[in-house]
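These are my notebook entries on one structure. I set down what I looked up, entry by entry.

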Amino acid sequence: MQNFVQLWVYLSSTPLFGLTATIAVYVLAHAFYTARQQAPWANPVLWTVLVIAGVLLLTGIPYPTYFSGAQFIHFLLGPAVVALAWPLWQRRVELRARWAPLLLAALIGGAAAAGSAWVLGLAFGLPTDVVLSMTTKSVTAPVAMGVAEKIGGIPALAAVFAVLTGIIGALSGKYLFDLLRISTTQPGWMARGFALGTTSHGLGAARALQVNADAGAYAGLAMGLQVVLASLLIPLVFRLL
C-alpha cells in the first residue's frame, strides 16, 4: 500500500500522470466495451472522459498538470484523422462515381446541423456568443474552435459542444438508424456512416469504423467534407447576415 501511495505521489506531479492515466483507463474501458459486444452505451471514449474527469475532481489535480502528459496522445489525433483517408482510397472508384450526391448530402446535412443549432439557441434565449459557438457543433473540435472564433463565438465552448455532439452521436446513432429502419446492407452501412460523420465528426467516424468498414469509410469522407464546407461557408453566411 505504501508503495502504491509513493507511486501515486510521484506520478500525480509529473507529465507521466496524464499519459499513464489516459492509457490505463482507456484500455480498461475498451475491454469493457468489447465484453459488451460494442454496445453504443459502453463507448470507451465516453467512459474514459467520465473516469478521468472524476479522478481530477476527486484528487484536485489541475487540468494543466494532467494535460502536460496527455498532450502526447492529443498529438496523435492528427495522424489518426489522416489515417481515415486509407478506407477512402480503397473506395476511390465508387466515390468518384457518386461525388455529386455525396456533396449535396454534405451541404444539406451541414446546413441542417448548423441551422438547427442556431434556431434552437435563439428559441431558448441563449446569449449570441453561445449560439454562435453551437453552430459549429458538428465540425471536429479544432476546426470548430477556429470557425467559432471567426464568427464571434467562444472557441473553448465550441470545442465542448463539438465533443458532446460527437459522443451523443456515437451513443445514439445505432438506435436512431434502427428506428428509421435503415438497412445493414452495403448501401445502408454507407448511409449510416455518412450520417454519423456529418453530424458527429471524428467520434462518430470512429464508432462507424468499429462497426463496419463501409460505414467507417463514408463517415471519414463526411467528416472531411464538413471540415472544408464549414470552414468556407459558415463564416461567409454570418458575414452576409
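Where is the place of Gln-37? I located Gln-37 in the loop between α2 (16-35) and α3 (44-59).

Entry 1, basis. I am working with a predicted model, in which local features need pLDDT of at least 70 and side-chain atom pairs count only at pLDDT 80 or more, while totals for chains, interfaces and linings use all residues. Residues are numbered from 1 along each chain as its sequence is written, and side-chain values use heavy atoms, with hydrogens and water left out.

I looked up the secondary structure and found 13 helices and zero strands in the protein chain. Helices (H or I, at least four residues) and strands (E, at least two) are DSSP runs, numbered from the N terminus. The radius of gyration, taken over C-alpha atoms, is 19 Å for the protein chain, close to the 18 Å of the globule rule for 241 residues, so the chain is as compact as a globular protein of that length. That rule is 2.2 Å times the number of residues to the power 0.38. I also noted that the C-alpha trace spans about 65 × 40 × 30 Å along its principal axes.

Of the 241 residues in the protein chain, 40% are buried. Buried means under 20% relative accessible area, exposed over 50%, and partly exposed in between (1.4 Å probe, protein chains only). Contact means heavy atoms within 4.5 Å. Among contacts between residues at least 6 apart in sequence, 63% join residues at least 24 apart.

Most residues other than glycine have a negative phi. Gln-37 is exposed, at a relative accessible area of 66%. I then turned to Gln-38, which lies in the loop between α2 and α3. Its phi is also positive, near 55°, in a residue other than glycine. Gln-38 is partly exposed, with 30% relative accessibility.

Is Gln-226 buried or exposed? I found Gln-226 buried, with a relative accessible area of 5%. Gln-226 belongs to helix α13 (residues 213-240). Leaving aside neighbours within four places in sequence, I listed the contacts of Gln-226 as Ala-106, Gly-110, Ser-138, Val-139, Thr-198 and Ser-231.
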